[in-house]
Protein chains: 2
Amino acid sequence: MRVSTRFSDAIHLLAFLKIYDQQHLTSDLIASSIETSPVVVRRLMGKLRQAGLIKTVPGSAQPTLAKPLDQISLLAIFYAVEGDKPLFSVDPKTNPDCIVGGNIQTVLRQYYQDAQTAAEARLAKTSLQDIVDNLLVEQAKKEALS
Amino acid sequence: MRVSTRFSDAIHLLAFLKIYDQQHLTSDLIASSIETSPVVVRRLMGKLRQAGLIKTVPGSAQPTLAKPLDQISLLAIFYAVEGDKPLFSVDPKTNPDCIVGGNIQTVLRQYYQDAQTAAEARLAKTSLQDIVDNLLVEQAKKEALS
DNA sequence: ACTTCCTGTAACTGTATTAATTACTGTGAT
DNA sequence: ATCACAGTAATTAATACAGTTACAGGAAGT
């Protein structure tokens, strides 16, 4: 397994909402920053809205963040777009008549959960505020060099 | 992102080598425990051999672990079969003329690396010895109930 | 009110990844 | 010498994503 770019794109989208906070923010404009299609953006916004991270009004081009930046963690975004799917997947069916095949799922699940929890704890420590701060720092570095 | 069942299957395979340590261990027999095809097993064994975790001799049905159980960590197995691929992937190309699009990869890579490292640290703490021990405990539980 | 722009979704397509299958070469064991 | 098996390439099949098209309905400007 492997996490799709949905997670990255969702973070991108939310940061974009903050940094380009203006009246007219269409899915087309956001899509041009992510370099994807507006439909993908709208689908992402659907998930983020369901998770209570943004507010949108159909027809109006005015999506807004539903919470302060520092109260949106990367983990919340991860759950919003990747949901329940575990990072590590166990083989759903193995030979039950074998000491290994009959018990491996039970055993692995526990260790996999530990590993995933460790990663999630790290994601929980970072907020959108950190991301936006870093984006602006990186941008300033570039401008200083040009 | 998401880790394929290769990782689980590789752990399964190695545990099987230990628990059914006998003269005649064909890829067919191992495959019947994982419930996959013998070719998949041989491919997995190829990667595990390259990583120095097992020893095999073509033609002989006698794969063996190359190290003591407690010196094979889940992380070593993970690297052997999943290698370089990161858990979280960043969108390879976003709009460079945008504050977000032009800097998001740099920023995310850092936080993604932290999260992955946290997960890997957890995998490093668990050895095949732990897995085999747990498999036998689970098996004993089952037998106690029957 | 009417027109235009936009969102929210469904349906379909293209593509990449993974596992399964087939087939072959070459080594080991008897 | 024969049989069993490993190693590996090539093909097929299944699945998951992202991209595209299409359209119904809401919002905004005139």
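The model is predicted. DNA strand C has 27 residues around it, and 27 residues likewise surround DNA strand D. Helix α3 of chain A and helix α3 of chain B each supply at least two residues of the surface near DNA strand C, and these two helices also each supply at least two residues of the surface near DNA strand D.

- The residues that come nearest to DNA strand C are His24(A), Ser27(A), Arg42(A), Thr56(A) and Thr36(B).
- Of the atoms of DNA strand C that come within 4 Å of the protein, 64% are accounted for by sugar and phosphate.
- Helix α3(A), which spans residues 38-50, gives the most to this surface, with four residues.
- The classes represented near DNA strand C are nine nonpolar, 12 polar and six charged residues.
- Gly59(A) contributes through its backbone, with a polar backbone atom 2.9 Å from a sugar or linking oxygen of DNA strand C.

**Surface near DNA strand D**

- The closest residues to DNA strand D are Thr36(A), His24(B), Ser27(B), Thr56(B) and Gly59(B).
- Sugar or phosphate atoms make up 65% of the atoms of DNA strand D within 4 Å of the protein, and the rest belong to bases.
- Helix α3(B) gives the most to the surface near DNA strand D, with four residues.
- By class, nine nonpolar, 12 polar and six charged residues form this surface.
- A base nitrogen of DNA strand D lies 2.9 Å from a polar side-chain atom of Arg43(A).
- Phosphate oxygens of DNA strand D are approached by two side chains: an N or O atom of Thr56(B) is 2.3 Å from one phosphate oxygen, and a polar atom of Lys85(A) lies 3.4 Å from a phosphate oxygen.

**Helix pair α2(B) and α3(B)**

- The axes of α2(B), residues 27-34, and α3(B) come within 8 Å and cross at roughly 105°.
- These two helices are therefore roughly perpendicular to each other.
- From α2(B), the residues Ser27(B), Asp28(B), Ile30(B), Ala31(B) and Ile34(B) meet Pro38(B), Val41(B), Arg42(B) and Met45(B) of α3(B).
- The contact has six nonpolar, one polar and two charged residues.
- Ser27(B) takes part in this helix contact and is also among the closest residues to DNA strand D.

**Helix pair α1(A) and α6(A)**

- Helix α1(A), residues 6-19, and helix α6(A), residues 128-145, have axes that come within 10 Å and cross at roughly 70°.
- The pair is therefore roughly perpendicular.
- On the α1(A) side the contact is made by Ile11(A), Leu14(A), Ala15(A), Lys18(A) and Ile19(A), and on the α6(A) side by Leu128(A), Ile131(A), Val132(A), Leu135(A) and Leu136(A).
- Nine nonpolar residues and one charged residue form the contact, with no polar residues.

**Helix α4(A) and its cover**

- Helix α4(A), residues 74-82, is mostly covered, with seven of its nine residues buried.
- The buried residues are Leu74(A), Leu75(A), Ile77(A), Phe78(A), Ala80(A), Val81(A) and Glu82(A).
- Their cover includes α1, α3, α5 and α6 of chain A, together with α5 of chain B.

**Gln105(B), a buried polar side chain**

- Gln105(B) is found in helix α5 of chain B, which covers residues 104-125.
- Its relative accessibility is 14%, and Gln105(B) therefore counts as buried, the cut-off being under 20%.
- A polar atom of the Gln105(B) side chain lies 2.8 Å from the backbone oxygen of Asp91(B).
- Leaving aside residues up to four places away in sequence, Gln105(B) touches Val90(B), Asp91(B), Pro92(B), Lys93(B) and Thr94(B).

Conventions. Residues numbered from 1 in each chain as written. Chains lettered and ligands numbered in written order. Predicted model: local features only at pLDDT ≥ 70, side-chain atom pairs only at ≥ 80, totals over all residues. Heavy atoms only, no water. Near = heavy atom within 4 Å. Polar contact = N/O pair within 3.5 Å; in protein donor to acceptor, adjacent residues only side chain to side chain. Nonpolar A, V, L, I, M, F, W, Y, C, P; charged D, E, K, R; others polar. Buried < 20%, exposed > 50% of the residue type's maximum accessible area, 1.4 Å probe, protein only. Contact = heavy atoms within 4.5 Å. Axes fitted to C-alpha atoms, helices over the stretch in contact; angles between N-to-C directions. Parallel < 35°, antiparallel > 145°, perpendicular 65-115°, else oblique.
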